[in-house]
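Please examine the sequence and the structure before reading on.

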Amino acid sequence: MKINEVEQQVGITKKNIRFYEQQGLLNPKRNMENGYRDYAEADVTELKKIKLLRKLSLPIEEIRKIQSGDLLLEDALQRQLIVLEREQINLQETSRLCHNLMEDRCKYPSLSPDAYLERMVEMEKEGTKFANVSKNDIIQKKRGSVMAAGIFILFMIFLIGVLIWGYLTDPIPLWIWGVFVFVPVAVIMAVIIALMQRIKEIEGGEEDVARKY
């Protein structure tokens, strides 16, 4: 069975199917004649199980443990219930705060945010979450990757500057100087390519289960 057929049967995008394969949740065999993945009925069933658990917001890592037998489905669901209950409390608290803002008949031009922000700080101390944690994680990962690559590239540029200064001060055969310069230039290109791949990897995870299934 081809991936297009699996996509239609299960209702999971091809991107997510490949993502689950990369994560080791699905291991279809390959057709020996053409090298393409050949999905069996067992793979379709496995994808449906993954779809079900992801729709219940179970993490990829926990699904992997369930598949390997390191975690019982019942234990994983019990743990997920606790997480969902906490999220429900967060939503209730956030809804209550929205209602309070409406009851206070707040208008944006005259809105005084200090009291509400102080209350939100207290609520966060008690466990309520307002921020989009997953989005912040992605931003932090991108920022860390860019900063690390930027520092390394700046060092390579500095090295190239030193080589240019050395050549102008004490000229050597141009081809030898070119070899020395080629190395940091090649490293810079490699770092840029690696950075682009890393950003693509960060952004290219699983498509949102609620919207894309």
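What share of the contacts in the protein chain with a separation of 6 or more is accounted for by residues 24 or more positions apart? The share is 55%, where contact means heavy atoms within 4.5 Å. The model is predicted: local features need pLDDT of at least 70, side-chain atom pairs count only at pLDDT 80 or more, and totals for chains, interfaces and linings use all residues. Residues are numbered from 1 along each chain as its sequence is written, and side-chain values use heavy atoms, leaving out hydrogens and water.

The protein chain has nine helices and two strands; these are DSSP runs of at least four residues (H or I) and at least two residues (E), respectively, numbered from the N terminus. Of its 213 residues, 24% are buried. Buried means under 20% relative accessible area, exposed over 50%, and partly exposed in between (1.4 Å probe, protein chains only).

The whole structure holds four salt bridges, each a side-chain nitrogen of Lys or Arg within 4 Å of a carboxyl oxygen of Asp or Glu. Three of them are listed here.

| Pair | Closest N to O |
|---|---|
| Arg-37 and Glu-21 | 2.5 Å |
| Arg-64 and Glu-61 | 2.4 Å |

Arg-79 is partly exposed at 41% relative accessible area, whereas Glu-62 is buried at 12%. Arg-64 and Glu-61 both lie in helix 4 (residues 60–68), three residues apart.
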